[in-house]
Amino acid sequence: MRVKRIQDVILSLLALAVFSPVLLFIALAVVADDARGGPIFTQIRCGRNGKEFRLYKFRTMHMDAERQLEELLPLNEMTGPVFKLRDDPRITRLGRFLRSTGLDELPQLVNILKGDMSIVGPRPPLPREVSSYTPYQRQRLAVTPGLTCFWQVHPARNSLDFDAWVEMDLRYIREQSWLLDWKLIFLTVRAVMGREGM
């Protein structure tokens, strides 16, 4: 566990230093695309053992996105407590590109540096999602959440249901190791490169 934390700190610091020009450029582009709000979107998520923290992302939706969610819930394309809509009308033009490449997640390097998250681990859920979890599903909260995991690198990730997502997270928890983390980091970089321009 200590080795994983040291690795997270070193990698997040290095990534923040290397990608700082990219982070600045994206922040300016987000504001230029939709000047009604700032470039960073913050949201309360659940971390290890359900502990809540504030997650950072580049804003990919219009400012009234949370208000519109209730109207869109009946159109949910994902099973279980997770909401997902392929053609979500709340997403901005730039937001679609940022999401397709995973660049919207870069501010979470700060969450990793703070210790809220790890490089590799199950994605952190929303409190309203956790409130609907079964005891079996709550097992995915047993470790520190991450930027990437098995689900993020699966070629058919957008067509997988929530039960499959949970099984992948529990597989990671059972099998986690230094070698597995580096394998998933490599696969994540390859997946991001492959999704570019989608």
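This is a predicted model: local features need pLDDT of at least 70, side-chain atom pairs count only at pLDDT 80 or more; totals for chains, interfaces and linings use all residues.

Reader: Fine. Is R86 buried or exposed?

Author: R86 counts as exposed because its relative accessibility is 54%. R86 sits in the loop between helix 2 (65-72) and helix 3 (93-101). Helices here are DSSP runs of H or I with at least four residues, strands are runs of E with at least two, and both are numbered from the N terminus.

Reader: Which positive surface patch does R86 belong to?

Author: The one formed by K84, R86, R96 and R99. Patch residues have over 30% relative accessible area and no salt bridge; like charges are joined within 9 Å, and nonpolar side chains (Val, Leu, Ile, Met, Phe, Trp, Tyr) within 5 Å. Lys and Arg count as positive and Asp and Glu as negative, with His and the chain ends not counted. A charge is placed at NZ of Lys, CZ of Arg, CG of Asp or CD of Glu.

Reader: And which residues make the nonpolar surface patch?

Author: V3, W178, L179 and W182, covering about 470 Å². The areas come from the Shrake-Rupley method with a 1.4 Å probe, and for residues only the protein chains shown count as cover. Helix 8 (residues 178-195) gives the largest share of that patch, three residues. V3 is in helix 1 (residues 2-33), and V3 is exposed at 57% relative accessible area.

Reader: Rings next. How many aromatic pairs are there in the whole structure?

Author: Four. Rings of Phe, Tyr and Trp (its six-membered ring) pair if their centres lie within 6.5 Å; planes under 30 degrees apart are stacked, over 60 edge-to-face, and the rest tilted. Y133 and F162 make a tilted pair, because their planes are at 35°, with the ring centres 5.8 Å apart. That pair links distant parts of the chain, 29 residues apart: Y133 is in the loop between helix 5 (127-130) and strand 4 (146-148), and F162 is in helix 7 (residues 162-175).

Reader: Are Y133 and F162 buried or exposed?

Author: Y133 counts as buried at 9% relative accessibility, and F162 is buried with a relative accessible area of 1%. F162 also pairs with W165: the centres are 5.9 Å apart and the planes are at 75°, so this pair is edge-to-face. F162 and W165 are three residues apart in helix 7, about one turn of the helix. W165 is buried too, at 10% relative accessibility.

Reader: Which residues do the ring pairs link into a cluster?

Author: Y133, W151, F162 and W165.

Reader: OK, charges. How many salt bridges does the structure hold?

Author: It holds 11. The criterion is a side-chain nitrogen of Lys or Arg within 4 Å of a carboxyl oxygen of Asp or Glu. One of them joins D181 and K4, with the closest N and O atoms 2.6 Å apart. D181 is in helix 8 and K4 in helix 1, so the bridge ties together parts 177 residues apart in sequence. Both D181 and K4 are buried.

Reader: What about E105, which residue does it bridge to?

Author: E105 bridges to R123, the closest N and O atoms being 3.1 Å apart. E105 lies in the loop between helix 3 and helix 4 (108-114) and R123 in the loop between strand 3 (118-120) and helix 5, so the pair ties together parts that are 18 residues apart in sequence. E105 and R123 are buried. A network of salt bridges links K57, D104, E105 and R123.

Reader: Last topic, backbone. What's the phi of N49?

Author: N49 has a positive phi of about 60°, although N49 is not a glycine. Most residues other than glycine have a negative phi. N49 is in the loop between strand 1 (40-46) and strand 2 (52-58), and N49 is exposed with a relative accessible area of 61%.

Methods: Residues are numbered from 1 along each chain as its sequence is written. Side-chain values use heavy atoms; hydrogens and water are left out. Buried means under 20% relative accessible area, exposed over 50%, partly exposed in between (1.4 Å probe, protein chains only).
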